[in-house]
Amino acid sequence: MTTTAADAGGTRRRFIAPPRGVVAADVFAQPLFAGYSRYADLMTAADWPTVAALDARLALSARHLVEQDEALLADGLHYEQRIAQGRIATRAANWHDLFNALVWARHPAIKNALNARQCLHIGCHGPQQRNRAQAALTQFDETGVIVRVRDPAVVQAWDRHDWTALFMDGAGRWCSGEIAVAAVIGHALMEQALLPGRLLVGKCVVVCADEDARAVAQAAQMIQSGRGLSDPLELRPLPLMGIPGWHPQQDAAFYRQADYFRPLRAGRCYPAPQAAYDPQHR
């Protein structure tokens, strides 16, 4: 997998993560990593864990991290097909794959749902072709964020990219938990956050729920059932550094940076927040 990042101007380029030895431990105090604090030692230790040690530590259900080498790749399988067989190809001493493993440990229902949908599309179209649903699934896997709202009306400012209303005028809603980041899924986002000050954009699924865990479970059900992520345009971009407390300098001038806080494109609209799913009422 090639890791790319989009800068504020939208230009895509390959992202090169810094060496482990130059990443300060306080990088992992960023809010982006809050859901992964139980794995802090795996991120901050001086030395890389081996793939075998990482597999033993995380103890994934029905999945094993296996070192990606020439022998593994010689099976000719697609990356996702190998996961369906229980093997997650993992590069040694690699930030991107370490974070991917941590997401598997923290949110297995999401990762299993993404893998199941990818394999369904591979089975229909073959491993060499990618449709828009696969692009959406991959974008969410790499840069995805699950946002929880208690009242779907709070996304109205987000719908029109009114970032001042969403983040500054709506700061109280973020602080009270009326709207919140329920989970960071994108392991590429985590990798990019290794460089402090980077202005990151998450691609979001929004779920109406009272609790973060319920929001994550609803998102997993949505993905598994194919009720969402059929097109990349379904994903809401969210300038993460605009969230109150996620950046040290959140004044009015900061929110006027149009190359980061982008205006809404003509004709662009987003799905309503996902409601609780009742499989008996489709």
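User: Where is His187 found, and is it buried or exposed?
Analyst: His187 is in helix 11, residues 187–192. Helices (H or I, at least four residues) and strands (E, at least two) are DSSP runs numbered from the N terminus. His187 is buried, with a relative accessible area of 0%. Buried means under 20% relative accessible area, exposed over 50%, and partly exposed in between, with a 1.4 Å probe and protein chains only.

User: Now cavities. How many of 30 Å³ or more are there?
Analyst: The count comes to two cavities of 30 Å³ or more. A cavity is a set of points, on a 1 Å grid over the protein atoms alone, where a 1.4 Å probe fits but cannot get out; lining residues have an atom within 4 Å of a point. Grid points are joined across faces, edges and corners, and a volume is the space filled by probe spheres set on the points.

User: What volume does the largest cavity have, and which residues line it?
Analyst: The largest cavity has a volume of about 90 Å³. Its lining consists of Tyr79, Glu80, Ile83, Asn100, Trp104, Lys111, Leu114, Asn115, Gln118, Leu137 and Asp141. Two or more residues of this lining come from each of helix 4 (79–84), helix 5 (95–106), helix 6 (108–125) and helix 7 (132–143). Helix 6 gives the most, with four residues.

User: How does that lining of the largest cavity divide into nonpolar, polar and charged?
Analyst: The lining of the largest cavity has five nonpolar, three polar and three charged residues. Here Ala, Val, Leu, Ile, Met, Phe, Trp, Tyr, Cys and Pro count as nonpolar, Asp, Glu, Lys and Arg as charged, and the others, Gly among them, as polar.

User: And which residues line the second largest cavity?
Analyst: The second largest cavity holds about 60 Å³ of space. Trp48, Pro49, Val51, Leu54, Thr90, Arg91, Ala92, Ala93, Asn94, Asp97 and Leu98 line it. Helix 2 (51–58) and helix 5 are the elements giving two or more residues to this lining. By class, the lining of the second largest cavity has seven nonpolar, two polar and two charged residues.

User: How many salt bridges are found in the whole structure?
Analyst: A search of the whole structure finds ten salt bridges. Among them is the pair Asp75 and Arg82, whose closest N and O atoms are 2.9 Å apart. Asp75 is partly exposed, with a relative accessible area of 31%, and Arg82 is buried, at 2%. Asp75, Arg82 and Arg87 are linked in a network of salt bridges.

User: What about Asp212: which residue is its salt-bridge partner?
Analyst: Asp212 pairs with Arg148, with the closest N and O atoms 2.6 Å apart. Asp212 lies in helix 12 (residues 212–225) and Arg148 in strand 5 (residues 144–149), so the pair ties together parts that are 64 residues apart in sequence. Asp212 is partly exposed at 30% relative accessibility, and Arg148 is buried at 4%.

User: Back to Ala93. What is its phi?
Analyst: Ala93 has a positive phi of about 50 degrees although it is not a glycine. Ala93 is found in the loop between strand 4 (87–90) and helix 5, and it counts as partly exposed at 47% relative accessibility.

User: Finally, where does pLDDT stay under 50?
Analyst: Residues 1–11 stay under 50, pLDDT being the predictor's confidence in each residue, from 0 to 100. Where pLDDT is low, the predicted coordinates should not be read in detail. The protein averages a pLDDT of 93, and 93% of the residues score at least 70.

Key. Residues are numbered from 1 along each chain as its sequence is written. This is a predicted model: local features need pLDDT of at least 70, side-chain atom pairs count only at pLDDT 80 or more; totals for chains, interfaces and linings use all residues. Side-chain values use heavy atoms; hydrogens and water are left out. On a 1 Å grid over the protein atoms alone, a cavity is a set of points where a 1.4 Å probe fits but cannot get out, and a pocket is an open set with protein on both sides within 12 Å along at least five of seven lines; lining residues have an atom within 4 Å of a point. A salt bridge is a side-chain nitrogen of Lys or Arg within 4 Å of a carboxyl oxygen of Asp or Glu. Contact means heavy atoms within 4.5 Å.
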